[in-house]
Amino acid sequence: MQLIVSDKTQQASFVPPDRLLLGPGPAMVHERVYAAMSRPIIGHLDPAFLDLMDRVQGNLRRAFGTENAMTLPVSGTGSAGMQACFANLLEVGDEVVVGVNGVFGTRMADVAERLGARVRRVEAEWGEVIPVEALAEALAACDSPRLLAVVHAETSTGAWQPVQGLGQLAHDSGALLMVDAVTSLAGCPLEVDAWEIDACYSGTQKCLSCPPGLSPLTMSERAMQRVADRKSAVSSWYLDLGLIAGYFGSARVYHHTAPISMLYALDEALLLVHEEGLHARWDRHRSNHEALWAGLATLGLEPAASEGHRLWMLNSVLVPDGVDEAGLRRSLLEDNGIEIGPGLGPLAGRVWRIGLMGESSRAANVLRLLGALAQLLGGDAAKARRAAEQSGLQG
Ligand SMILES: *Cc1c(COP(=O)(O)O)cnc(C)c1O
């Protein structure tokens, strides 16, 4: 890469260090996505750009498993999608049931409370999932529950919340089902229509393997009816889906300038997802997760998330007694160029979080990480790699 040093400021263009991103996001980005981002921008009302937006919406519907008309990328990261769902679906005083077993469930409850909702938290230990019975009890204890919200893939703990059946449960009590799919979309099965999910949002920098900056979102007709029936205006002008829909719909009314380059990137990332095929992509995430654990087990490492509920794309690993959690991460980053994540909240200092999301979930990456970990922990690198290979790596 050419370094340009300005005569005037004596400052050089920023050149990032080489990194293998195996943390909780952002994930690695395919070179085709980088190439797409660097193409010249055109106007956001240019017919060529509007055609691209139509294609992005169609490919997002396929990824979400939905035919929802209201399916679009919200400008902003995954948290913007979360904020958009709550802001559009809730009014002051509404009763909401939120599953809280990690950072992102906690964030959901916080967002809903700030909007003036009455939030009933259903908690579970970090690393565990929320029992469906507990969610049912909380809904039954409400006068008139408006929303049931859960996190599909709790990136802060590695726990995989079962979602099938929750749509029916919510609807039977008159509530809508909202699902945070920031980490799950394109990494494990997610079927918005078949599972009766009314509001679902994601982020681009996890299993879609795009840079951060957009939040794919989808809303059922039932959810959009709720928005249409609101008594009060949506408190956020920027995230008002009724206004945003004016741009995505046939009228093409200006609301805010679409982040053009990010949309080029998301379009290319979605092409890569559908070229591979969703099922093949899920399978790659599963195989590499299993292979990673086959290798980690030879190093005596153990998972933090409860058995039967371990995510494929985010692996939380208990730090062995006597090992310096932060020191190992620092050596991985500084000496090996590999980023993994720390634990958060009650898991801080107790776990590492290894992300195998999208382009990061590749055979070579699993082997490279196992080799480096074995060296830092004083284990047998060849044995760890062999175990992973025998388990079956993909991609
Ligand atoms: C990353 C993440 C978010 C927040 O996304 P940002 O892009 O950081 O705003 C929300 N929920 C889950 C489950 C996540 O993993």
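The model is predicted.

**Stop 1: H2 against H9**

Select helix H2, residues 47-64. Two packed helices are described by the angle between their axes and the distance between the axes. Here the axes of H2 and H9 come within 10 Å and cross at roughly 45°. H2 and H9 are therefore oblique to each other. The crossing of H2 past H9 is left-handed.

Now show side chains. On the H2 side, pick Phe49, Leu52, Met53, Arg55, Val56, Asn59, Leu60, Arg62 and Ala63. They meet Ile260, Leu263, Tyr264, Leu266, Asp267, Leu270, Leu271 and His274 of H9. Colour the contact by class: H2 with H9 gives 12 nonpolar, 2 polar and 3 charged residues.

**Stop 2**

Which residue does Glu268 meet in a salt bridge? The partner is Arg32, with N and O 2.8 Å apart.

Is Glu268 buried or exposed? Glu268 is buried, at 11% relative accessibility. Arg32 is partly exposed, with 28%. Arg32, Glu268 and Glu275 are linked in a network of salt bridges.

**Stop 3**

Side chains of opposite charge can pair when their charged atoms come close. How many salt bridges are counted in this model? The count comes to 14.

For another one, go to helix H4, residues 103-114. Select Arg114 and Asp110. They form a salt bridge, and the closest N and O atoms are 3.0 Å apart. Both residues lie in H4, 4 residues apart, about one turn of the helix. Arg114 is exposed, because its relative accessibility is 70% and the cut-off for exposed is over 50%. Asp110 is partly exposed, at 33%.

Next, select Glu113 and Arg121. Their side chains also meet in a salt bridge, 3.0 Å from N to O. Glu113 is partly exposed, with 37% relative accessibility. Arg121 is partly exposed too, with 35%.

**Stop 3: H10 against H13**

Clear the selection. Pick helix H10, residues 278-298, and helix H13, residues 381-391. Their axes come within 7 Å and cross at roughly 150°. That makes H10 roughly antiparallel to H13, because an angle over 145 degrees counts that way. The crossing of H10 and H13 is right-handed.

Which residues of H10 and H13 meet? From H10, show Glu290, Ala291, Ala294, Gly295 and Thr298. From H13, show Lys383, Ala384, Ala387, Ala388 and Ser391. The contact of H10 with H13 divides into 5 nonpolar, 3 polar and 2 charged residues.

**Stop 4: Asn365 in H12**

Finish at helix H12, residues 363-377, and select Asn365 within it. Asn365 is buried, because its relative accessibility is 13% and the cut-off for buried is under 20%. What does Asn365 touch, not counting residues up to four places away in sequence? Show Leu20, Leu22, Glu359 and Ser360: these are the contacts of Asn365 under that condition.

Technical notes:
Residues are numbered from 1 along each chain as its sequence is written. This is a predicted model: local features need pLDDT of at least 70, side-chain atom pairs count only at pLDDT 80 or more; totals for chains, interfaces and linings use all residues. Side-chain values use heavy atoms; hydrogens and water are left out. Helices (H or I, at least four residues) and strands (E, at least two) are DSSP runs, numbered from the N terminus. Buried means under 20% relative accessible area, exposed over 50%, partly exposed in between (1.4 Å probe, protein chains only). Contact means heavy atoms within 4.5 Å. A salt bridge is a side-chain nitrogen of Lys or Arg within 4 Å of a carboxyl oxygen of Asp or Glu. Axes are lines fitted to C-alpha atoms, for helices over the stretch in contact, and angles run from 0 to 180 degrees between N-to-C directions. Angles under 35 degrees count as roughly parallel, over 145 as roughly antiparallel, 65 to 115 as roughly perpendicular and the rest as oblique. A crossing is left-handed if the near helix is turned anticlockwise from the far one by less than a right angle, and right-handed if clockwise. Ala, Val, Leu, Ile, Met, Phe, Trp, Tyr, Cys and Pro count as nonpolar, Asp, Glu, Lys and Arg as charged, and the others, Gly among them, as polar.
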